[in-house]
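Here is a quick briefing on a two-part model, meant to be read with the viewer open. Take a look at the structure first, then work through the points below.

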Amino acid sequence: MLEVERLRKSFGSLLVTDDVSLSIAAGAREAVIGPNGAGKTTLFNLLSGELRADAGAIRLAGRDITRLSPDRRVSAGLARSFQRNNLFMGMTVAESLATAAALRSGESRVFWRSFARAASAHEKAARLCESVGLADHSHTLVRHLSYGSQRQLEIALALAAEPRLLLLDEPTAGMSPEETKSMQRLIADLPRELTVLLIEHDMDVVFDVAERITVLDYGRVLAQGAPAEIRRSPIVRQIYLGEAA
Amino acid sequence: MPARDPLSLPIVALLFGGALAAALFVDAYRLTIVIEIAILVIFVLSIDFLVGYAGLVTFGHAGFMGVGAYALAYASHFLGWPVGLAMLAGVALGAVAGIVIGALVTRVSGVFFIMVTLAVSMMFWAWASKARKFGADDGLGGMKRLDLKSIGIDLNSDRAFAVVCVVLAVLAYFFFLCLVRSSFGQALKAIKQNENRARAQGCPVQRYKVAAFAIAGAVAAFAGELHLQNTKFVHPEVAHWIRSGEGLIVVIVGGAGTLTGPVIGGFLFVLFHRIVESFTVHWQIWMGLLFVAIVLAAPDGIYGRLSTLVGRKPARAAPRPEAADA
């Protein structure tokens, strides 16, 4: 589904993504971990197109998307959530999801018919509200939502883009243990055909969700493997889990 | 969806109804006021569509009025086209200018955006001020109005012209109402609230902004054509930055991000101007004081304040976007 080949990105003299290669099979669940500043979010920004890579290639389902703009990458089947909530604060939950649905389907180019009559967009919004557990809040203004519910909406918006590859940037960041549990369930319940790559600090979530883990440090891939291997790897324990080797 | 605003329909009906009644009954001097209001309303609605709904604060919108006026003057006066056809050409040229300028200015943001819109419109003004063919900075008279005699309307009568202008202003209001409530309008709202997120949802943000510019440019060009037919005179003043600035102030004072606000603002601006002008030549001082007072008392504009007072949320196109980051 996703092939990343020797991706490089530097800001000035600071190399933030150093020869990163990844290969993710369709339907796989993988995680990227690493200490703060390891270049995880930069990697996501390169994948989603908010940053342009200096070198290397990104292929999505065999198609080269290295030079595509962020919106074209969405059409190609890639969607993301953000580490810090990045929402339409002045809309209701249902309205923002219906807007996202209209943007995805091309309904948003229609200027002669009322948005209120865009039935398929509103139906899709209702389904998404249901599936991420926001049905009770569908008419709440996004800025009045609790932090945890805003995190859920982050995922729902990404799902509204109907991706084949979903990038989740620290979905449980800042969440209470209960909220983390429900987010964990939400991720586990995502459709099996969806490929998921997530950045996460909560090791319980990572070891629960991910089938394979990539460890980044200083922009380099330090280790790649199944959760069990990663847990055992001394280099990971030393650098990331902060234990003496 | 936010609740529809119950205030907007009565206010708009009252203002436009009053203007229509005035167009039918008042004397020749007051007719000129009605015409001026109608044309200003069309112009400021197009500004508000960009500023209040697409979040694109333009300081050069009169440039599009200039494009419409000069295109109409050229096609009807020099090429001898029928005025109706020349008007269509002027509106089309306004849309094309909107696409070109939109594509240019939406590459920058914030203060730079405002400055570029100002600079581009003043380039047009500078050209018009030197264009000998159009009388340079003296302007050129002898322009014709649209010929509607075939349907029994003689637009050379100011009364008929006033009625038609008011009707066109009403149509412009409903045109933009339709637009901002459409799915396209919803996409603009999304871009205004959070451009970064809109892009992450697959929205080609740039193209939507350019489309908004094309629409606003076409409508402003149309207002410029009416202005030319009102005075039967083409003059560079139509594109001057003072007109752009006045339009922006009218939108802000009336209530940006609502369509009713700019309509109120347009009526207020012209009426206040004409009334105070009859007492003192320093009308601009009083206008300035009034507008400062309004903006201090009603930061959301007159209409935003009215909506809050009656305890209903205005059908605003939402507040400024939260800082977007990833």
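**Sheet and chain contacts**

Strand 4 (residues 55-60) of chain A and strand 5 of chain A run antiparallel and are joined by two bridges. Strands here are DSSP E runs of at least two residues, helices are H or I runs of at least four, and both are numbered from the N terminus. This is a predicted model, where local features need pLDDT of at least 70, side-chain atom pairs count only at pLDDT 80 or more, and totals for chains, interfaces and linings use all residues. Residues are numbered from 1 along each chain as its sequence is written, while chains are lettered from A and ligands numbered from 1 in the order in which they are written.

**The sheet in chain A**
- Four strands make an open sheet in the order 2-1-4-5, with antiparallel pairing (two strands pair if DSSP finds at least two bridges between them).
- Strand 2 and strand 5 (63-64) of chain A are the edge strands, each pairing on one side only.
- A:L60 has A:R63 in strand 5 of chain A as its bridge partner.
- Helix 1 of chain A lies across strands 1, 2 and 4 of chain A, at about 65° to strand 2 of chain A.

**Positive phi values**
- A:R6, in strand 1 (residues 2-11) of chain A, has phi near 45°, a positive value in a residue other than glycine.
- A:R6 counts as partly exposed because it has 13 C-beta neighbours inside 10 Å (20 or more others within 10 Å is buried, 12 or fewer exposed, in between partly exposed, with C-beta atoms placed from the backbone).
- A:D19, in strand 2 (residues 14-24) of chain A, has phi near 60°, again positive in a residue other than glycine.
- With 14 C-beta neighbours inside 10 Å, A:D19 also counts as partly exposed.

**Where chain A meets chain B**
- The contact takes 38 residues from chain A and 27 residues from chain B (contact means C-beta atoms, placed from the backbone, within 7 Å).
- On the side of chain A that touches chain B, helix 3 of chain A gives the most, with six residues.

**A helix pair in chain B**
- Helix 2 (residues 28-53) of chain B and helix 9 (residues 205-231) of chain B pack at about 165°, with axes 8 Å apart (axes are lines fitted to C-alpha atoms, for helices over the stretch in contact, and angles run from 0 to 180 degrees between N-to-C directions).
- That angle makes helix 2 of chain B roughly antiparallel to helix 9 of chain B (over 145 degrees).

Technical notes
Two residues are in contact if their C-beta atoms, placed from the backbone, lie within 7 Å. Angles under 35 degrees count as roughly parallel, over 145 as roughly antiparallel, 65 to 115 as roughly perpendicular and the rest as oblique.
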